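Please read them alongside the sequence and the coordinates.

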Amino acid sequence: MEDWKQKAKQFLYEFKGNNYLFSTALEDRIRDYNKTMESNTPLKAPFRPDTPPTLASLLASEITPLGKKVSFVANHTPQGHTSSQLAELRQCLEACGMEVNQEYIAGAKPNAPQEDVIRIAIRINQHQPDVVVSVGGGSTTDAVKAAIAYAALKDRYPDLSTYFGSGEISRKLARERRTLIPHVAVMTAAGSAAHLTKYANVTDEDTGQKMLMVDDALIPVKAVFDYSTTFTQPLSLTVDGALDGISHALEVLMGVPEHLLEKARPVCLLAIELIVTHLKRAVHSPSDPAAREAIALGTDLGGYAIMIGGTNGAHLNSFSLTGILSHGRACALMNPYYVVFFSAAVADRLKEVARIYKRAGYMQEDPEKLTGTALGTALANGMMRLAEDIGFPTTLREVPGYTEAHKKKCLEAAKDPKLQSKLQNMPVPLLPTQIDKYMGAILDAAEAGKLEKIEYFPPC
């Protein structure tokens with residue numbers, strides 16, 4: 001256990017340095033605290049000489065240089081772990097002399113609807129804070145990222161749709177010579193790793209289509225994740241988030257350019273192994289600290305992975321299935337079919353993933369004896385066995401509400417230039433004129449649960 005924990009910590013330190021406080025990093029900070037106490041060095045507020053630091057007190061000490069006025073955006077404030085986190089963090093900030101707005105801004109609904117983004121942006125402008133602290137899961141974190149950008153620019157660019165795509169926010173900021181309010185993201189759920197990345201997913205609830213902002217300007221300046229907050233999260237959220245983490249790592253591993261592969265490979269493989277080998281345990285023993293920590297570290301590593309490379313086919317389709325499937329569930333359902341489609345192009349990368357599924361007991365075949373599409377098919381079946389093991393659907397026809405209209409929406413979205421990055425990240429690149437044939441066949445295969453329906457490009 002300690003070996004994988006140390007490897008994961010090493011990667012996260014490499015990724016975020018001291019800008020990220022997470023549960024296992026707290027152990028290191030407490031050791032530093034004890035050394036400080038032994039040397040009789042004076043401590044600054046909000047630390048007390050007789051009290052070891054907490055994540056809240058450590059975070060508060062790092063927020064203070066960002067400004068004087070703080071606004072919180074949070075969900076579920078009346079009760080639960082999030083409420084105690086907020087109370088402790090508020091107390092620590094006030095001990096540092098910060099002005100904390102007494103009224104919390106409500107967070108976002110699932111999938112970060114654009115109406116919530118606009119509402120949060122309006123409230124941020126009303127509060128005029130020096131720093132915004134979000135406390136919540138991936139949807140609230142994404143909504144706050146987008147809202148901070150919209151709050152800074154909406155007087156000049158009132159149409160939120162112009163913020164979607166890659167680098168659009170940075171271009172607007174440069175044009176107007178503006179900067180964004182610093183964002184400190186306190187994550188409460190293992191999954192999207194939104195607290196660590198440059199991505200913000202926002203949904204148009206009228207159409208059910210999710211769109212994507214990709215911009216370095218969106219990366220929170222500080223992040224914190226106390227993994228114990230995941231112990232009481234609903235089973236569906238645990239599983240959805242875990243499989244989203246696998247999808248991040250798997251899609252990056254398959255699609256990352258060759259010159260970035262050696263950087264991405266160990267991060268992706270460790271993320272996948274942590275989640276695949278601990279997910280069933282977390283489902284059956286939700287309070288198992290080792291299983292919970294493994295999934296949280298795995299999904300955090302998935303966040304690191306998507307900052308090295310990017311997601312592709314399954315994520316692209318998931319954006320059009322928000323009305324009938326959660327994001328993690330949609331990615332998990334579609335990825336086995338894309339694994340088969342991509343397998344001839346990235347068999348060497350998939351063999352390493354197959355070894356993980358074999359060790360976990362989800363693959364019967366020996367990966368060392370398989371190549372090309374045979375390997376991809378065996379791995380896809382192993383991925384489906386994991387999904388079945390935790391009660392997830394493996395075909396679109398199992399999903400209530402799925403219709404031919406969803407397939408059409410997926411194909412149309414794949415041709416949208418604002419989602420072009422997902423096509424570009426695919427290890428088997430498709431031109432817009434090829435989407436209906438090849439992606440259409442993948443969706444047909446996913447509907448029927450028949451891998452043989454997939455048409456390979458280039459022909460195998």
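Two strands pair if DSSP finds at least two bridges between them; helices (H or I, at least four residues) and strands (E, at least two) are DSSP runs, numbered from the N terminus. This is a predicted model, in which local features need pLDDT of at least 70 and side-chain atom pairs count only at pLDDT 80 or more, while totals for chains, interfaces and linings use all residues. Residues are numbered from 1 along each chain as its sequence is written, and side-chain values use heavy atoms, with hydrogens and water left out.

1. The open sheet. Strands β6, β9 and β8 form, in that order, an open sheet of three strands with mixed pairing. Its edges are β6 (165–166) and β8 (199–204), each of which pairs on one side only. Between β8 and β9 (residues 209–214) the pairing is antiparallel and extends over six bridges.

2. Helix α6 and T141. Helix α6 (residues 138–153) lies across β8 and β9 and runs at about 95° to β8; axes are lines fitted to C-alpha atoms, for helices over the stretch in contact, and angles run from 0 to 180 degrees between N-to-C directions. T141 belongs to α6 and is buried, with a relative accessible area of 0%. Here buried means under 20% relative accessible area (1.4 Å probe, protein chains only). Not counting residues up to four places away in sequence, T141 touches S134, G136, H183, A185, M187, A194 and H195, where contact means heavy atoms within 4.5 Å.

3. Strand β7. Because five of the five residues of β7 (residues 183–187) are buried, this strand is largely enclosed by the rest of the structure. Both of its faces are covered, with H183, A185 and M187 buried on one side and V184 and V186 on the other. In a regular strand the side chains alternate between the two faces of the sheet. β7 pairs in the parallel sense with β5 (residues 131–136) over five bridges, and S134 has A185 as its bridge partner. β7 also runs parallel to β10 (residues 222–225), to which four bridges join it; there A185 stands opposite A223.

4. Helices α9 and α10. The axes of α9 (residues 258–284) and α10 (residues 289–308) come within 8 Å and cross at roughly 150°. The two helices are therefore roughly antiparallel, a class that covers angles over 145 degrees. Their contact comprises 19 nonpolar, four polar and two charged residues (Ala, Val, Leu, Ile, Met, Phe, Trp, Tyr, Cys and Pro count as nonpolar, Asp, Glu, Lys and Arg as charged, and the others, Gly among them, as polar).

5. Helices α8 and α10. α8 (residues 235–255) packs against α10 at an angle of about 40°, with the axes 8 Å apart. Residues of α8, including G241, G245 and A249, meet residues of α10, among them I295, T299 and G302. By class, this contact has six nonpolar, six polar and one charged residues.

6. D215. Leaving aside neighbours within four places in sequence, D215 is in contact with G167, E168, I169, S170 and K198.

Technical notes: Parallel < 35°, antiparallel > 145°, perpendicular 65-115°, else oblique. Buried < 20%, exposed > 50% of the residue type's maximum accessible area, 1.4 Å probe, protein only.
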